[in-house]
Amino acid sequence: MGLHDPAATLDYARATYELYLSRKAAKGKGPSVRDLEDCLCDLRYRKEEPGRRRKINDDIIPLSNPDTPDLTGQRLATVVELKLLPMLMDRVDKDHFKIDISPGGQPKNPARLARRLNDLGSSGRRFRLARGKFLGRKLVWFTTEAEADRLTGSCTDATEMATHFCSGLGLGHHLPGTWLALLRIPGSAIQRAGHYRPVFCDAGVHRWFMARSSVPNGINGPWGQTAALKSLADGTTPYDGCPERVSREMTRSHLRNATIGFDLLGRVELNSGSNSASTRLCEDVWTRRR
Amino acid sequence: MRIPEKDDLRAISGKTEDEITRWLKIGMLEYMFEGAGREAFPGAENFIDQQQGSVADDLAAVVKALGARDQETFRSACAIALRSLDFDSEHDALFATELLRLGAQIRALGLLKVLAEKAFRIPATEHTLALYELAFEVARDLADLKSPDAANCLYHLIRCSGYFRPALAGRALIALTEADPEHFAKHYYSLREALDQSFGYDANVAENRHRQSKRHELVEDILALLPDQKLLVYACKPEPVPRAAVANWWLSTLKKDFVNTYRQLLGYVRTTEAGPVFSGRLERAYPSVQRKAPSPDLDLDRDKSQFLKAVADALGFSEAMPRGKTLASDRA
């Protein structure tokens, strides 16, 4: 599973099973694989409390390469569902951009939104995080801005941009019809929020998580690696996508006066997380030798 | 991320409105304020903490996976749960925020009736202001259901002083016109001042492409929603002050960007048809104002011909008119 310390993995598995048994006893119902998976996730994160960042339990599985490398001065990129943008944006910026997106996540007028954002230019497409809001739920999964630009450049059809990003970043859970945006976050804010290399218990029930490169003995350093879903489905090797790390939930105080840039990626047209992709990844996790 | 399917949710299917309301209220309270986590929603716990956003997004995914009857039960439950909350309390405002986000995603029309009855009484705080803005967005989003509740709710919200601001006026006009297009005149007059503040010419604000495109988009949206484009004449009515024709941003936007509509309006003002439309339709659309306090600029019956002349002037019609001729309505 990509952990450096096998003993910690065993401890985590034991704790997961104990939590599962206690829940099962409380509920008095039969076992379920999903319940077990949920226990695995719930051990990692404390419960949600209004107005507070989620705490991460790092007593069994420590945070891997915490705060290394120093990301100050860089920009990092993350993909979010478009419906979250109006929630994240400061009210003044929302008025300025006229981000006309229904609470269900559909732009009222997609062509106009795209045109307006395009007219603003990349320097104009920036917002301040609203007070009291968190960027990320539990975590912000991010890659480097250079990788995001590489993905943008390698997409031959602009209408397929959202699907292309899902494929490159291993985001197989976004269903067709979902609108996505790319956020560009200042590295200084991520540095303040705290960041680390993700491990299996951070991924939770995400089916397309890779703890390390698909290249045997490949070196990632302090970065994790996303699975390129198209390559996985096509049977291509290697199927590395982009380097990735995670940041803890981010607030306005982490950004200070800095702003977050954003691009409209468009609508997901195809589900990148095909069965063949997840099956192959699953098989490879068990067969890969290091 | 786990996506629920109908068979995954048998435990919460086929329940009554009361049962689901209780499930939702207790679940939300336990999840948000008692740290119960996913266990707060028995029967759907495997699908909580899955989505980006918040618990409202998790629950929306759950509801969308249910059958039509169960979805309807959830819509009603959402409105019933919202009714029991006091928006002026910070605790309830947080709860209401999640309910509104859920309700908007599952298209719970009943929310609008509840929102129309809810007061934002206390001075705006960060919490109540955020809740107000969300309520406004929800009402706006559900306007396409064409329910009278949507228009009532929007009217209630635009009358909440201390909360409504001119920047929302354009969106409010579009939503009201979408909910009830026949009463465009009433909507327009209700929002006129705020619209002028947000879209009008202002000596202190630079005229730039951004402001022009804002106007263009508003007019474009309204034109797409109006059942009869002649209703736009209400918005083009010049103000009874000097230089009003110059300051009429509706008119200048039409003239600049929507030439065909502008010409149609020109033709329309020349006809006698315009007279009855102005008086009759406005009375029907705006009976309370006509009956209670006819303000000088709304009393169109009194000086109809003068008004039509003013509109014709503003549209540039009288300049083009051969000397000696008069408007049809004047002759009448």
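Guide: A crossing is left-handed if the near helix is turned anticlockwise from the far one by less than a right angle, and right-handed if clockwise. This is a predicted model.

In chain B, helix H8 (residues 169–179) and helix H9 (residues 184–199) cross in the left-handed sense. Their axes come within 8 Å, at a crossing angle of roughly 165°. Angles over 145 degrees count as roughly antiparallel, so H8(B) is roughly antiparallel to H9(B). On the H8(B) side, the contact is made by B:Ala169, B:Gly170, B:Ala172, B:Leu173, B:Leu176 and B:Thr177. H9(B) contributes B:Phe184, B:His187, B:Tyr188, B:Leu191, B:Ala194, B:Leu195, B:Ser198 and B:Phe199. Of the residues in this contact, 10 are nonpolar, 4 are polar and none is charged.

A second pair in chain B is helix H4 (residues 90–105) with helix H6 (residues 126–141), whose axes come within 10 Å and cross at roughly 20°. That angle makes H4(B) roughly parallel to H6(B). The crossing of H4(B) and H6(B) is left-handed. From H4(B), the contact takes in B:Glu90, B:Ala93, B:Ala96, B:Thr97, B:Leu100, B:Gly103 and B:Ala104. The H6(B) side consists of B:His127, B:Thr128, B:Leu131, B:Leu134, B:Ala135, B:Val138 and B:Asp141. Sorted by type, the residues of the contact between H4(B) and H6(B) are 8 nonpolar, 4 polar and 2 charged.

Note on methods. Residues are numbered from 1 along each chain as its sequence is written. Chains are lettered from A and ligands numbered from 1 in the order in which they are written. This is a predicted model: local features need pLDDT of at least 70, side-chain atom pairs count only at pLDDT 80 or more; totals for chains, interfaces and linings use all residues. Axes are lines fitted to C-alpha atoms, for helices over the stretch in contact, and angles run from 0 to 180 degrees between N-to-C directions. Helices (H or I, at least four residues) and strands (E, at least two) are DSSP runs, numbered from the N terminus. Angles under 35 degrees count as roughly parallel, over 145 as roughly antiparallel, 65 to 115 as roughly perpendicular and the rest as oblique. Two residues are in contact if their C-beta atoms, placed from the backbone, lie within 7 Å. Ala, Val, Leu, Ile, Met, Phe, Trp, Tyr, Cys and Pro count as nonpolar, Asp, Glu, Lys and Arg as charged, and the others, Gly among them, as polar.
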